[in-house]
Amino acid sequence: MTTPIKKYIQLCFLLVTYLATPFSASAQNEKVIHSFKIAGPKKMQVLGIKSSQKLVEYSDQKSDHLFISDFTRNGSIYAKTEYLFKGDRFELASQNQYYSKNELILDGVQLIYSEDKSLASESKFSNGKLQEQTIFYANGEKKMMYQGDEKVLNGEFKMWYPDGHLNLSGNFKNNLKDGFFESFDKAGNSDRKGTYREGKLISGQSVVLDVLYEEPDVPAEISVEESALDEYLKNKTANLECAKTIEGHLLYDLKFTIDKTGHVINIQSFPVIFPKYPEIPKALITDFPVFKPAKMEDVPVSSTLILNFILSNKGLESDFHRSDPVVIDSANIKTYESLGEEEMPKYPGGQLALRKFIAMTVRYPVYAQEHGIMGKVFVNFIISESGKVTQISVVKSVHPILDDEAVRVVKNMPRWIPGSIKGKPVSVSYTVPINFQLQ
């Protein structure tokens, strides 16, 4: 009786194996049948600040999804984004129209690449809303991960050192620290622990993010007397060629980057000054006096600080007590006057014409509208001696898509009436804010 039973079991096993094998193979080879058709060219040239070519392709995992890749002018991939498509026919040339009809929605993964082709960030979207983003170092290691969208942190938050060791971990709720936070030194040892509730420390130690703060709780402060600082400044700058050519006095602003120990690690001419003299930051950077570092939650942090100075043919001197830079008009378009006989450049037709030009030229990107991306982009540029707008750069960013549009608007400006010193045309740095605001 034993032998027939064994044979029966073996036959059953062979039958199951036979039936399962072709089914498994067919499942592996089965292709996703998509709910829409990609029509027209799958590649096309585009005009953009970073992107010059786009490519569309089906998702090989989801029947109603596709990927759009953006490439730079040299052919390197800049971004690859996954979308949910609700239509039945997709044409790459009509991408913006699908946005406006809410037929093309960010849903899935978006990868952004650096110029060296390394992965810069990975974002995860669900039905048009950002859920999680991871930012990477150039070496491929994770730098920061947060949950939430562009405006509000909600969920897990982590930071890492370049070698991969964890720097900080915690949790946010509606942009406030909420839960257990812990920071680590570069060797991986825990050094601070604290528990927060709705942004307030309720037990343990303060744990702060190791980032560069522009608006810390307590700003950095120069640690020497003003007279000693002035002596240092003049010794460093009086013999510079740019100082020797100054007639009268000019207001001069410098932006300092100060580490958590109070040491200056970078100095640059703040982009809205008139005029720029790059020789001065270079002369000061080597041994500028130490600051009292900025603080967040009473913990020293790295920060930026803008200080006001006066530049003359005697060099640089502090001017920490003067009033704020002059506002040219009430339209929120600022420029900065100098002390002396200079005349600032003028937009043809005046400030009213400038406001009208911006309003008529700017096009609020559909993607930004759909995702509630708003803010004021500050664009700096040089108005040359001939009045031409050159050297355009974003000095205060909101989002890459809004930054690109703001730069495009400035690029389309006509020639200005150039600035002058005693009637002689000069190049002048100028900054305008371009406001993107949804009603």
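Modeller: One definition first: a nonpolar core is a set of buried Ala, Val, Leu, Ile, Met, Phe, Trp, Tyr and Cys residues joined through side-chain atoms within 4.5 Å. Buried means under 20% relative accessible area, exposed over 50%, and partly exposed in between, using a 1.4 Å probe and protein chains only. This is a predicted model, where local features need pLDDT of at least 70, side-chain atom pairs count only at pLDDT 80 or more, and totals for chains, interfaces and linings use all residues. Residues are numbered from 1 along each chain as its sequence is written, and side-chain values use heavy atoms, with hydrogens and water left out.

Colleague: Thanks! How many residues does the largest nonpolar core have?
Modeller: It has 81 residues, and those with the most contacts inside it are Phe90, Phe256, Ile280, Phe288 and Phe291. Strand S23 (residues 299-312) gives the largest share of this core, six residues.

Colleague: Where does phenylalanine 288 lie?
Modeller: Phenylalanine 288 is in the loop between helix H5 (279-284) and strand S21 (291-292). Helices (H or I, at least four residues) and strands (E, at least two) are DSSP runs, numbered from the N terminus.

Colleague: And is phenylalanine 288 buried or exposed?
Modeller: Phenylalanine 288 counts as buried because its relative accessibility is 7%.

Colleague: What does phenylalanine 288 touch?
Modeller: Not counting residues up to four places away in sequence, phenylalanine 288 touches Ile222, Leu229, Tyr232, Leu233, Phe256, Val264 and Ile267. Contact means heavy atoms within 4.5 Å. Leaving aside its own neighbours within four places, phenylalanine 256 is in contact with residues including Phe288, Phe291, Leu305 and Phe309.

Colleague: Switching to helix H6: which of its residues are buried?
Modeller: In H6 (residues 351-361), the buried ones are Gln351, Leu354, Phe357, Ile358 and Thr361. Seen down the axis of H6, they fall within an arc of 115°, so they line one face of the helix. That arc is taken from the directions from the helix axis to the C-beta atoms. On the other side of H6, Leu352, Lys356, Ala359 and Met360 are exposed.

Colleague: What do the buried residues of H6 pack against?
Modeller: They pack against helix H8 (400-411) and strand S30 (428-436). The buried residues of H8 include Leu402, Val407 and Val410. H8's buried residues pack against H6, helix H7 (366-370), strand S26 (375-383), strand S27 (389-396) and S30.

Colleague: New topic: which side chain does serine 123 join in a polar contact?
Modeller: The side chains of serine 123 and glutamine 133 are joined by a polar contact of 2.8 Å. A polar contact is a pair of N or O atoms within 3.5 Å; within protein, one must be able to donate a hydrogen and the other to accept it, and residues adjacent in sequence count only if both atoms are side-chain atoms. Serine 123 is in strand S8 (residues 119-126) and, at 1% relative accessibility, counts as buried.

Colleague: What about phi at lysine 117?
Modeller: Lysine 117 is not a glycine, yet its phi is positive, about 75°. Most residues other than glycine have a negative phi. Lysine 117 lies in the loop between strand S7 (104-113) and S8, and it counts as exposed at 58% relative accessibility.

Colleague: And glutamate 198, what is its phi near?
Modeller: Phi of glutamate 198 is near 50°, also a positive value. Glutamate 198 is in the loop between strand S15 (190-197) and strand S16 (200-204), and is exposed with a relative accessible area of 62%.
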